[in-house]
Amino acid sequence: SIVNTAIKDAQTQSGLQRVTSSFRSTVPQVKVDVDRAKAETLQVPIDDVFSTLSIGFPVTYFGQTYTFAYVSSNGFLALGSNAGATAHLNGPLPSTATPNGVVAPFWDDLNPGAGGGVYVGLTGAVPNRTLHVEWHNVPHFTFSGSGTVTFELSLKENGDVRFQYLDTDFGNPTWNAGASATAGVERPDGV
């Protein structure tokens with residue numbers, strides 16, 4: 001299958017270990033479409049947008065329960081508030097500065113408006129459901145003509161988080177392998 005071929009290819013890349021995929025062709029997949037006209041009307045740069053996502057089940061994260069997440073074009077999602085969900089300037093985690101409630105596999109100045117996409121899917125059954133968000137073949141904003149990155153976060157019903165990386169090579173050492181990205185999690189209060 002294409003997925004197995006991609007995993008085999010990823011395992012040959014230096015710096016990547018234990019590459020796996022949770023993709024299953026029998027699981028419904030949804031592309032998160034960005035309303036470009038609304039973003040332009042609100043004067044939000046087209047590459048720095050977020051989409052409000054109904055998770056599809058309650059997720060307990062740091063003791064609080066959520067049914068919505070704010071998926072950012074810049075490689076993270078936020079729980080609890082959409083404040084800062086368009087942030088392209090990543091910083092250290094945790095931080096009380098917005099955004100908060102961050103789950104960030106690869107927070108950087110990404111530009112799915114120029115290529116690639118952000119996809120979501122659900123797997124499992126009660127009480128083991130999982131939300132998967134994948135940033136697929138997304139270029140960096142700053143480095144025009146760059147390569148692309150592909151990575152995924154999996155958020156389980158019990159709040160467990162897993163990050164998976166297929167390709168983190170932009171073709172420039174300034175950004176390759178997350179050199180300018182932030183990866184991590186924080187509580188909704190930023191602590």
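Buried means under 20% relative accessible area, exposed means over 50%, and partly exposed lies in between, with a 1.4 Å probe and protein chains only. The model on screen is predicted: local features need pLDDT of at least 70, side-chain atom pairs count only at pLDDT 80 or more, and totals for chains, interfaces and linings use all residues. Residues are numbered from 1 along each chain as its sequence is written, and side-chain values use heavy atoms, without hydrogens or water.

**Stop 1: Arg 187 and Asp 189.** Select both side chains. They meet in a salt bridge at 2.7 Å, N to O. The term requires a side-chain nitrogen of Lys or Arg within 4 Å of a carboxyl oxygen of Asp or Glu. Asp 189 counts as partly exposed because its relative accessibility is 41%. Arg 187, at 32%, is partly exposed too.

**Stop 2: Arg 129 and Glu 157.** The whole structure holds two salt bridges. Now select Arg 129 and Glu 157, whose side chains form a salt bridge at 2.6 Å, N to O. This pair links distant parts of the chain, 28 residues apart. Arg 129 sits in the loop between strands E6 (117-123) and E7 (130-139). Glu 157 sits in the loop between strands E8 (148-156) and E9 (161-167). Strands (E) are DSSP runs of at least two residues, numbered from the N terminus. Are these two residues buried or exposed? Both Arg 129 and Glu 157 are buried.

**Stop 3: strand E9.** Select Val 161, which lies in this strand. Val 161 counts as partly exposed because its relative accessibility is 31%.

Terms used:
Helix = DSSP H or I, 4+ residues; strand = E, 2+ residues; numbered from the N terminus.
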